[in-house]
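Hello,

Here is the structure I promised to pass on. Please have a look, then read my notes below.

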Amino acid sequence: MKPLRSLSGLVDFEAAARWGSFKLAAQELHKTPAAVSLQVKQLEEALGFTLFVRHPRHIALTAKGQELAITVGRMLGELRARVAALQRGDDEAVLRISTTHSFAIKWLVPRMPRFTKLHPELDLRIDSNDTPVDIEDDAVDVAIRFGPVRDGDPALLFHERLVPVYSPDLLAPGEPELGLADLARFPLLCERSPEAWLQLLQENRALKGRYDKGKYDFSRVFTHWGVLAQAAVAGQGIALVPYGIAFQDILAGSLRVLPCRSAPYGSGYKLLVNPHKEAMTKVRYFRDWIRAEMDEMRHTLEQ
């Protein structure tokens with residue numbers, strides 16, 4: 001394996017790969033086709049493998065060349081965007097937020113108008129995915145992640161609690177609300193497994209002796225909190241979901257909380273801040289805002 005000791009030629013290679021032509025790449029880069037071809041040839045020698053198959057009238061990427069072109073294209077795109085932002089001096093005007101799918105859909109996005117009303121000068125970029133985030137990546141200013149938490153952690157936003165929720169459509173005519181005794185009447189919607197439901201039933205002494213598989217219906221399992229909450233809104237059963245995920249639907253009346261004792265739960269939301277952006281005004285604005293929003297939600301849970 002040969003170490004790549006120079007980035008020389010990567011820009012020429014990316015342009016040639018994108019255009020499929022040394023001539024067109026040369027026009028973009030204001031070089032001669034021969035100069036572009038030479039840069040790519042030297043890059044191939046440094047890498048130790050061929051990037052293009054050279055035909056008399058055209059070039060074609062090899063399999064390895066295609067893989068490298070995808071990576072180089074992405075990296076150069078990010079680099080160009082970053083340089084352009086620095087040239088414009090607008091880094092303080094763009095807030096890049098990374099968060100999970102469920103939290104983005106069910107909590108953050110519905111509340112973003114409240115934030116933009118306070119700070120209309122900020123351009124918001126929300127990236128929602130459930131993969132681990134590199135908090136030092138320059139493309140991330142702040143990240144909100146769900147996972148194990150401990151009280152007293154300065155990054156902690158909200159220590160979650162799982163609550164059973166149901167659509168008012170499940171109520172029979174004249175029935176005011178559902179209670180623990182009604183859990184056996186409906187499917188109990190689960191996230192991955194019924195374990196959390198069993199803990200809640202035990203906490204409320206709703207399980208007597210050995211677990212009776214026939215008493216409760218745990219047949220409907222989901223892998224996404226947001227989809228689970230939507231299934232409850234649609235009246236597919238009673239769902240056990242994090243309060244934050246169901247919060248907007250509870251406020252809107254689309255879901256009701258079944259009264260009972262909560263089982264202990266060790267997960268919640270953390271706010272992670274890119275250490276290189278800690279002192280930026282936009283980060284301070286967002287941190288103050290989301291903590292106030294979380295405090296307001298916590299107050300409703302404690303009532």
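**Lys 106 and its surroundings**

The side chain of Lys 106 makes a polar contact with that of Gln 230, at 2.4 Å. Keep in mind that this is a predicted model. Lys 106 sits in helix α5, which covers residues 101-118. Is Lys 106 buried or exposed? Its relative accessible area is 6%. The cut-off for buried is under 20%, so Lys 106 counts as buried. Beyond its neighbours within four places in sequence, Lys 106 touches Gly 226, Ala 229, Gln 230, Gly 244, Ile 245, Gln 248 and Asp 249.

**Aromatic rings**

The count of aromatic pairs is 11. One of them joins Tyr 216 and Phe 218. Their centres are 6.2 Å apart, with 40° between the planes, and the pair is tilted. Both Tyr 216 and Phe 218 are buried.

There is also a cluster. Ring pairs connect Phe 103, Trp 107, Phe 115, Phe 146, Tyr 269, Phe 286 and Trp 289.

**Helices α8 and α9**

Helix α8 spans residues 243-252 and helix α9 spans residues 281-302. Their axes come within 11 Å. How do they cross? The angle is roughly 85°. An angle of 65 to 115 degrees counts as roughly perpendicular, so that is the label for α8 and α9. On the α8 side the contact involves Tyr 243, Gly 244 and Phe 247. On the α9 side it involves Met 297, Thr 300 and Leu 301.

Best wishes

Methods. Residues numbered from 1 in each chain as written. Predicted model: local features only at pLDDT ≥ 70, side-chain atom pairs only at ≥ 80, totals over all residues. Heavy atoms only, no water. Helix = DSSP H or I, 4+ residues; strand = E, 2+ residues; numbered from the N terminus. Buried < 20%, exposed > 50% of the residue type's maximum accessible area, 1.4 Å probe, protein only. Polar contact = N/O pair within 3.5 Å; in protein donor to acceptor, adjacent residues only side chain to side chain. Contact = heavy atoms within 4.5 Å. Phe/Tyr/Trp six-rings, centres within 6.5 Å; stacked < 30°, edge-to-face > 60°. Axes fitted to C-alpha atoms, helices over the stretch in contact; angles between N-to-C directions. Parallel < 35°, antiparallel > 145°, perpendicular 65-115°, else oblique.
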